[in-house]
Amino acid sequence: MSDKKEIWQGTLALMVLKTLEAMGSLHGYGVARRIEQTSGGLLSINYGTLYPALIKLEQEGYVSSEWGVSDNNRRAKYYKLTRAGRRQLKREAREWEETAAILARFFAPAEELS
Amino acid sequence: MNLRRFRAWGVRLSGMFNKERRDRELAEELESHLQMHVEDNLRSGMTAEEARRRALIELGGLEAAKEECRSRRGGPAVENLLRSLRYALRTLRRDPGFTSVAVLTLALGVGATTAIFSVVYATLFEPLPYPKPDQLVMVWSKADQRRNSVSADDYLEWKHRSKSFQYLEAWSGGTFNVATDERREQVQAALMTPGFFRMTGTPMFLGRDFLPEEGEAGNDYVVVITHRMWSRNFGCHPRSLRTRHWPRRRLSVGPRHAGESVRRQRNGRACSRGGRLRVARGDPAGLLYPCPARQLS
């Protein structure tokens, strides 16, 4: 487990938003699992980071939550993206892509830099 | 974005209340998370004990997570603020002497500032009670580098030559004796060239404005009494406008300025209270006479 990457807050929020966009309505455990799966098991999420992030997103109005019943009949809180959340996701995704593109240029082989 | 942050703070503040319910919900949410994880572990073939142990390890400490969520929700910042406020109030209560001095100082400061500003506002900033106060200016003559009133001849010459002003009207002060059935009194008055009210743009409250020819000698048998005088001395009654008291004069009532109080009386007899007319800015005189410019100074 120690070789799994720690993730930092800003990116976690973006991952949560993206996951909720893909899955629709989902509970906290589902979000954590989904992120772990998507990362190919490279990331591990614990409560200490996931739930504060969800609370923050809800306070900012990007996600909304309501109680529901899970597949195996367990009461769970379901989160889903709000309209503002969708906009925020689009904006952050674009920013992230730009950042990644810029960094990629730095690590590109020298001859490709014009 | 800032709005979002503001909103988040609002939610956090409201999170201070119904804290118990939120705590219960959080505990329930985390518990269901844990259970789901345990079930998944079981499904992958672990023993019950191992499943639970692995789930707990992977999720990090339960209490630590709750604490993290709580601080995110209500925010220690908010709690600290409340604590500081309570401390301040306690200190104030413990030392009434200091408290009263502090309160008194604040009260005096606020009071003095308000009073001074009211005066400054009234004298410097408050617009004159006319429709276009920004277009009104006072024209003076100069004597020894100081402002001086204008001589009648100068005024007539200025008016004749001036192209910059829409109107150029003159007035002068004076006192007149007014006698009613009840009493006689001396009233402050203004003598003015007939175009004055056209210049200020204020309509008569009752009656009509001076006519241009009434500014000529011999025709000056009209009087405008200020609305203030009409209300204070004549109870706002139309009958007071009959010229019995002013046999040769036609009476009108001048413009009523905003905020001027109106005192009504049932019969039209003059009120016998007070005597002196108060002099107020923008309404300096009780009686306004048309006047040939030559007689102004």
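**View 1. A salt bridge between Lys77(A) and Glu25(B) in the predicted model.** The side chains of Lys77(A) and Glu25(B) meet here, with 3.7 Å from N to O. Across the interface of chain A and chain B, the rule finds four salt bridges. It also finds ten residue pairs in polar contact across this interface, both residues at pLDDT 80 or more.

**View 2. Elements of chain A that touch chain B.** Four elements of chain A each supply at least two residues to the side that touches chain B: α2 (28-38), α3 (47-59), β3 (75-81) and α4 (83-107). The most comes from α3(A), with nine residues. Sorted by class, this side of chain A has 14 nonpolar, seven polar and nine charged residues.

**View 3. The area buried between chain A and chain B.** In the contact, 30 residues of chain A face 30 residues of chain B. Together the two chains bury about 2800 Å², and 56% of this lies on carbon and sulfur atoms. Tyr29(A), Tyr47(A) and Gln59(A) supply 30% of the area that chain A buries against chain B, which is more than any other three residues.

**View 4. Helix α6 of chain B.** Helix α6(B) covers residues 96-125, a run of 30 residues. At 1.5 Å a residue the helix should span 44 Å, and its end C-alpha atoms are 41 Å apart, so the two values agree. How many of its 30 residues are buried? The count is one, and α6(B) is therefore hardly covered, since buried means under 20% relative accessible area.

Note on methods: Residues numbered from 1 in each chain as written. Chains lettered and ligands numbered in written order. Predicted model: local features only at pLDDT ≥ 70, side-chain atom pairs only at ≥ 80, totals over all residues. Heavy atoms only, no water. Expected span 1.5 Å × (residues − 1). Buried < 20%, exposed > 50% of the residue type's maximum accessible area, 1.4 Å probe, protein only. Contact = heavy atoms within 4.5 Å. Buried area = accessible area lost by both parts, 1.4 Å probe. Polar contact = N/O pair within 3.5 Å; in protein donor to acceptor, adjacent residues only side chain to side chain. Nonpolar A, V, L, I, M, F, W, Y, C, P; charged D, E, K, R; others polar.
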